[in-house]
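Reader: Before I set up any calculations, I would like to go through this structure with you. Could you take my questions one at a time?

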Amino acid sequence: MRGSTMSERVARVLVPQAGKCLFDYRVPDMHPMYRGQLVRVPLGRRRVLGVVWACDPEPEVPPERLKPIAEWWDDWPPLDPVLLDQIAFASDYYLNPLGEYLAFVLPPALRRRKRQVALAAVTDGAVGEHATGENTASQRRSEPVVTTPGPRLTAAQARAYAQLTAGPTGFDPVLLFGVTGSGKTECYLRLIAETLAAGRQALVLVPEIGLVPQTTTRVVARFPGARIGVWHSDLNARERQHLFAALVQGAVDCLIGTRSAIFAPMPRLGLILVDEEHDASYRQFEGAPYSARDLALWRGKAAQVRVVLGSATPSLERWWDSERGRIRRVTLAERATGVPLPTIELLPVTREAPRTAGLVPEAWEALKETLARGEQALLFLNRRGFAPTLYCAHCGWVQECRRCSVRMVYHRVDSRMRCHHCGWSIAVPEVCPTCGNGGLSVAGQGTQRLEAELHAAFADHGVVRIDRDACQTAAAFAALRKTVARADAKLLIGTQMIAKGHDFPALSLVIVVGADAGLLAAETRATERLMQQLLQVAGRAGRSGQPGRVLVQTRYPDHPFFQQLVAHDYAAFANTLLTERKRLALPPFVHQALLRADAPRLEVALEFLTSAKATGEAMREQHAHGHAVRLLDVVPLRIVRLAGRERAQLVVESPNRAALHTFLRAWRERLLQWPQRQGLRWRLEVDPLDA
Ligand code: ADP
Ligand code: ZN
Ligand code: ZN
């Protein structure tokens, strides 16, 4: 009947799934409806939790043919509009389905449960007090947050803090460039205090789960009684759901989390802090891609709040932004404790030089002396496992991964060869599979081998290895950190895992066992990463007591890279690298996307990319800004075979971000229409180097 359909309203609902994720539903005449409202809707044979994305959109089918919304979660506040816009932005920017980003927001347990149960979970938990029944409820605190006094700011900190807060109100992106131990965290705490005092919320992002407890402890100590939320991948279903309920209601004052916390509802957001902003973990490539650091800047702009990106070794992009005035830069050049930065010395390594456990005599002596004084030493080696190669001295055989085109790494702990790319492992062969020779030899140095060799000499000092194999869970990592912080273990051996932001007060000597591989690597980011890792790991030395000492073993002591390292001059290093990137027209001077393809056979991937390139070239001609876009050559990846699939790629780039995106959208539509072929998979990656 015409009369009744006239008054029908329509809600377009976003559901957390890949592929098609927006569906229209019928809404009863008088029912209140807002964007961001949580609803459960029928979808095929399931009922799915989603959010109202648009009210009364132009319906795709007549309303009377639509199904009605199954459940209205009217007593839950709607999701904050900035977060919804952020999801839309991410989907548009990374060319990935919208619904996959909503999946980061809605806890899986909440999606499965019935509404009654979910509501019960909101009202019985430990995160803050909860109200229900108000649609717009955003729970400000009734009493002000208590702040315990922190240390008096040093003169340098006070200056930096004044600069930090001197910016415009509203969106104010700042790079806090402060050497390790300069008291950045103390500045963060003051900023949080201001935010909480204004009745607003602070979001603090840290690069990895292992750093969450350290930051949380400091925040809790400074703001006793504040409602502190913690968001990371180790939360169980109940905790996650509970936290979400509190967040939606604005009942969290400060949220500390890893990258996905950028998808937390924060209706009264007043500040975003991104600690160690250069860290690659902020970028997610698998699943729905995003960069939490970039989304933090986007959200700060949308919510009109200050965003502080802190680092001793900023990413080149952010450094460039601060050089050209896109973001403000505030510098902290000294350590807050007054202890000078460690001295960095280069120890030349030659092929003939005698070495003990991979250490040249000077490093070995320094290690012995440090341990004899009862101090802590750290040996840094960015290769886990026992040794990178097990080979046959008779015929030259080496063990390669059956599924990837890489050598497998020998792990002595469980006597297995392991592929560090796909994880496949096999028992160590007793004899050479090719010639039958019985004595296979070990070459190269890994953390396990270093541990074994040093254990023989220094067992009494407590030797601890910290790498991905030794700490597979957050709990294992936390336990190891405690051992180290208590200084029960005096000799630490670690990969870059240890280089990140940890505070080890008793550490006075750092030896970089081997770093040259990173200097010579072909990847665009390799030297940037290496400098960041080395300065970070150097920063672990001498944090509170006496000045630390850092010894770096290298075959190339005269390389400008090492000269800048010795001078702790990250600014000079970054500017040198920027000049080089500019000359080579590499990011940040050009924006890139990558079309990756893989298939059981390389030809299939190459064929696809070659015709995709031809299509792209033709489209370029037709497009208004197409000339600003360049398609590079189709190339197989350096590691061609990975987990049984062969891979190739094609870079597309442009100095103009908008032109690149316009092109990518149109190109992607064309590629999506192509017929399936022999096991081919492809994927378009925006900002492939942004890690
Ligand atoms: P960052 O975050 O830059 O590495 P932190 O904030 O962790 O630096 O500070 C490094 C060390 O200096 C910590 O042990 C901290 O307690 C101490 N510290 C920071 N600010 C001050 C200050 N104003 N007075 C005394 N000690 C300070
Ligand atoms: Zn052999
Ligand atoms: Zn493999």
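Author: Let me begin with a term that will be needed: two residues are in contact if their C-beta atoms, placed from the backbone, lie within 7 Å. Please also bear in mind that this is a predicted model.

Reader: Understood. With that in mind, which residues is cysteine 432 in contact with, leaving aside its neighbours within four places in sequence?

Author: Cysteine 432 is in contact with Cys392, His394, Cys395, Trp397, Asn437 and Leu440. It sits in the loop between β20 (425–427) and β21 (440–443).

Reader: Is cysteine 432 buried or exposed?

Author: Cysteine 432 counts as buried, because it has 20 C-beta neighbours inside 10 Å. The cut-off for buried is 20 or more.

Reader: And where does cysteine 435 lie?

Author: Cysteine 435 lies in the loop between β20 and β21. It counts as exposed, because 11 C-beta neighbours are found inside 10 Å. Beyond four places in sequence, its contacts are Cys392, His394 and Cys395.

Reader: What does UniProt say about these cysteines?

Author: An unreviewed UniProt entry places the feature "binding site" at Cys392, Cys395, Cys432 and Cys435. These four are spread over 44 residues of sequence, yet they cluster in space, with a largest C-alpha distance of 8.6 Å.

Reader: Which other cysteines does UniProt list for "binding site"?

Author: The unreviewed entry also lists Cys401, Cys404, Cys419 and Cys422 under "binding site". They are spread over 22 residues of sequence and cluster in space as well, the largest C-alpha distance being 8.7 Å.

Reader: Please take cysteine 419 and cysteine 422 in turn. Where is each one found?

Author: Cysteine 419 lies in the loop between β19 (416–418) and β20, and cysteine 422 is found in the loop between β19 and β20. Cysteine 419 counts as buried because it has 21 C-beta neighbours inside 10 Å. Cysteine 422 has 17 such neighbours and therefore counts as partly exposed.

Reader: What do they touch?

Author: Not counting residues up to four places away in sequence, cysteine 419 is in contact with Cys401, Cys404, Val406, Met408 and Trp424.

Reader: Let us turn to the ligand. How many residues surround ligand 1, and which are the closest?

Author: Ligand 1 is surrounded by 16 residues, and the closest are Pro151, Gly183, Lys184, Thr185 and Ala336. By class, this shell has three nonpolar, ten polar and three charged residues.

Reader: Which helix gives the most to that shell?

Author: Helix α7, residues 184–197, gives the most, with three residues.

Reader: I would also like the overall picture. How many helices and strands does the protein have, and which domains are assigned?

Author: The protein has 20 helices and 29 strands. The assignment gives domain 1 (9–80 + 87–104), domain 2 (119–332), domain 3 (343–383 + 445–580) and domain 4 (591–686). The C-alpha centres of domain 1 and domain 4 lie 32 Å apart.

Reader: What about its dimensions?

Author: The C-alpha trace spans about 95 × 65 × 50 Å along its principal axes. Buried residues make up 45% of the 691 residues. Among contacts between residues at least 6 apart in sequence, 75% join residues at least 24 apart.

Reader: Now the backbone. Which peptide bond is cis?

Author: The bond from proline 587 to proline 588 is cis, with omega near 5 degrees. Proline 588 is in the loop between α18 (570–583) and β26 (591–599).

Reader: What is phi for leucine 95 and for aspartate 687?

Author: Leucine 95 has a positive phi of about 55 degrees although it is not a glycine. Its place is in the loop between α2 (81–93) and α3 (98–105), and it is partly exposed, with 17 other C-beta atoms within 10 Å. For aspartate 687, phi is near 50 degrees, a positive value in a residue other than glycine. Aspartate 687 is in the segment after β29 (681–686), and it counts as buried because it has 21 C-beta neighbours inside 10 Å.

Key: Residues are numbered from 1 along each chain as its sequence is written. Chains are lettered from A and ligands numbered from 1 in the order in which they are written. This is a predicted model: local features need pLDDT of at least 70, side-chain atom pairs count only at pLDDT 80 or more; totals for chains, interfaces and linings use all residues. A residue is near a molecule or strand if its C-beta atom, placed from the backbone, lies within 6 Å of it. Helices (H or I, at least four residues) and strands (E, at least two) are DSSP runs, numbered from the N terminus. Ala, Val, Leu, Ile, Met, Phe, Trp, Tyr, Cys and Pro count as nonpolar, Asp, Glu, Lys and Arg as charged, and the others, Gly among them, as polar. Domain bounds come from an automatic or database domain assignment. A residue is buried if 20 or more other C-beta atoms lie within 10 Å of its own, exposed if 12 or fewer, and partly exposed in between; C-beta atoms are placed from the backbone. UniProt positions are given in the numbering used here, feature names are shortened, and annotations may be inferred rather than shown by experiment.
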